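Please look over the sequence and the structure below before reading the notes that follow. They move from the chain as a whole to its core and then to one pair of packed helices.

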Amino acid sequence: MQEIYCNKNYFKMQGWVKIHRKFLEWGWYNNSEAVHLFIHLLLKANHKEKKWQDLTIKKGSFVTSLKSLHADTGISNQRIRTILDRLESTNEIVVKSTNKF
C-alpha cells in the first residue's frame, strides 16, 4: 500500500475546485477519459462572469472547441464528442454549440 500526498506548493494557483467524495460513486467514474474530461471542464469553468468577444460568459461556463479540448486533454475528438453527448444526456453538463467563431 502507498500513501500519496499532494504537495500544496506544487501548484501556485488562484482558486480551487472542491470535489465531494461521492464523486467516487458517480456513474461515469470507471471511465477514465470521462473523469479526465469532466474534471478538465470543472477546472476550466469561469468562477465569475467574464466578457469574451462582446459576449458575457456566465459563472460556471466557458467557451471552448473540440480542438482545444483535444489539445488540453489528449483525448481524441471522437471520444470527446461521445463523452460530451453522454454527459449532456445525463444532465451533468449543458452544451451550447455555435458556428459563430
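The accessible surface of the chain comes to about 9,000 Å², and 51% of that surface belongs to carbon and sulfur atoms. The model is a predicted one, and in it buried residues make up 20% of the 101 residues in the chain.

**Overall layout**

- The chain contains three helices and two strands, and when it is read along the sequence these follow the pattern α-β-β-α-α.
- Among the contacts in the chain with a separation of 6 or more, 42% are accounted for by residues 24 or more positions apart.

**The largest nonpolar core**

- In soluble globular proteins, nonpolar side chains tend to be buried together.
- The largest nonpolar core has 14 residues, and of these Leu37, Leu41, Leu84 and Leu87 touch the most other members.
- Helix 1 (32-44) and helix 3 (77-89) each supply at least two residues of this core, and helix 1 gives the most to it, with five residues.
- Which residues is Leu84 in contact with, leaving aside its neighbours within four places in sequence? They are Leu37, Leu41, Leu66, Leu69 and Ile93.

**Helix 3 on its own**

- The buried residues of helix 3 are Ile80, Thr82, Ile83, Leu84 and Leu87, and what covers them includes helix 1 and helix 2 (66-73).
- Just after helix 3 comes Asn91, which takes a positive phi of about 60°.

**How helix 2 meets helix 3**

- Two packed helices are described by the angle between their axes and the distance between the axes.
- For helix 2 and helix 3, the packing angle is about 105° and the axes are 9 Å apart.
- Helix 2 is therefore roughly perpendicular to helix 3, since angles of 65 to 115 degrees count as roughly perpendicular.
- On the side of helix 2, the contact is made by Leu66, Lys67, Leu69, His70 and Thr73, while on the side of helix 3 it is made by Asn77, Ile80, Arg81 and Leu84.

Key
Residues numbered from 1 in each chain as written. Predicted model: local features only at pLDDT ≥ 70, side-chain atom pairs only at ≥ 80, totals over all residues. Heavy atoms only, no water. Core = buried A, V, L, I, M, F, W, Y, C linked by side-chain atoms within 4.5 Å. Buried < 20%, exposed > 50% of the residue type's maximum accessible area, 1.4 Å probe, protein only. Helix = DSSP H or I, 4+ residues; strand = E, 2+ residues; numbered from the N terminus. Contact = heavy atoms within 4.5 Å. Areas by Shrake-Rupley, 256 points an atom, 1.4 Å probe, with all protein chains shown as cover. Axes fitted to C-alpha atoms, helices over the stretch in contact; angles between N-to-C directions. Parallel < 35°, antiparallel > 145°, perpendicular 65-115°, else oblique.
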